[in-house]
Amino acid sequence: MALVIDEDKCARCGVCEPECPNEAIKQTENAYVIDPLLCTECKERYGEPLCEAVCPNDGIHKAKDSLYKKCVSFFG
Ligand code: SF4
Ligand code: SF4
């Protein structure tokens, strides 16, 4: 699974983007988004999602199934 950014909470501060070890966070025209095909939840090295920890607006969370599928189709 992957994490997703809640567009309604994202202030587009950009803090999360450089934290990602997999370069999974991208800035689009309207929001920051996480590529679910690249996001590993940071499990391999850090044990917890780094982006979720640094977001000042509590805007990043584990994806629910439906949202995950939507993200996969966006990047697919
Ligand atoms: S850290 Fe949070 S508020 Fe800032 S760009 Fe990332 S998701 Fe948006
Ligand atoms: S959980 Fe880790 S791998 Fe996934 S987007 Fe956030 S920082 Fe990147």
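Mentor: Residues 24 or more positions apart make up 68% of the contacts in the chain with a separation of 6 or more. Two residues are in contact if their C-beta atoms, placed from the backbone, lie within 7 Å. Keep in mind that this is a predicted model: local features need pLDDT of at least 70, side-chain atom pairs count only at pLDDT 80 or more, and totals for chains, interfaces and linings use all residues. Residues are numbered from 1 along each chain as its sequence is written, while chains are lettered from A and ligands numbered from 1 in the order in which they are written.

Trainee: What does the chain average in pLDDT?

Mentor: The average is 89, and 96% of the residues score at least 70. The term pLDDT is the predictor's confidence in each residue, from 0 to 100.

Trainee: And which element has the lowest mean pLDDT?

Mentor: That is helix α2 (residues 65–75), with a mean of 72, whereas α1 has the highest, 96. Where pLDDT is low, the predicted coordinates should not be read in detail.

Trainee: Okay. How many helices and strands does the chain have?

Mentor: There are 2 helices and 4 strands. Both are DSSP runs numbered from the N terminus: helices are H or I with at least four residues, strands are E with at least two. Going from the N terminus, the order is β-β-β-α-β-α. The radius of gyration is 11 Å, close to the 11 Å that the globule rule gives for 76 residues, so the chain is as compact as a globular protein of that length. That radius is taken over C-alpha atoms, and the rule is 2.2 Å times the number of residues to the power 0.38.

Trainee: How much of the chain counts as buried?

Mentor: Of the 76 residues, 26% do. A residue is buried if 20 or more other C-beta atoms lie within 10 Å of its own, exposed if 12 or fewer, and partly exposed in between, with C-beta atoms placed from the backbone.

Trainee: Which residues touch the most other members of the largest nonpolar core?

Mentor: Leu3, Cys16, Ile25, Ile34 and Cys51 do, out of 17 residues in that core. β1 (3–5), β3 (32–34) and α1 (50–54) are the elements that each give two or more residues to this core, and β1 has the largest share, 3 residues. A nonpolar core here is a set of buried Ala, Val, Leu, Ile, Met, Phe, Trp, Tyr and Cys residues joined through C-beta atoms within 7 Å. In soluble globular proteins, nonpolar side chains tend to be buried together.

Trainee: Let's zoom in on Leu3. Why is it buried?

Mentor: Leu3 is buried because 25 other C-beta atoms lie within 10 Å. This residue sits in strand β1. Leaving aside neighbours within four places in sequence, Leu3 has contacts that include Ile34, Cys51 and Ile60.

Trainee: New topic: ligands! Which residues come nearest to ligand 1?

Mentor: Cys10, Cys13, Val15, Cys16 and Cys55, of 13 residues around ligand 1. A residue is near a molecule if its C-beta atom, placed from the backbone, lies within 6 Å of it. That shell divides into 9 nonpolar, 3 polar and 1 charged. Ala, Val, Leu, Ile, Met, Phe, Trp, Tyr, Cys and Pro count as nonpolar, Asp, Glu, Lys and Arg as charged, and the others, Gly among them, as polar.

Trainee: And around ligand 2?

Mentor: Of 14 residues there, Cys20, Cys39, Cys42, Pro49 and Cys51 come nearest. By class, the ligand 2 shell has 10 nonpolar, 2 polar and 2 charged residues.

Trainee: Last one: what is the phi of Cys42?

Mentor: Cys42 has a positive phi of about 65 degrees although it is not a glycine. Most residues other than glycine have a negative phi. Cys42 is in the loop between β3 and α1, and counts as buried with 20 C-beta neighbours inside 10 Å. Arg12 also has a positive phi, about 60 degrees, but Arg12 counts as partly exposed, with 13 C-beta neighbours inside 10 Å.
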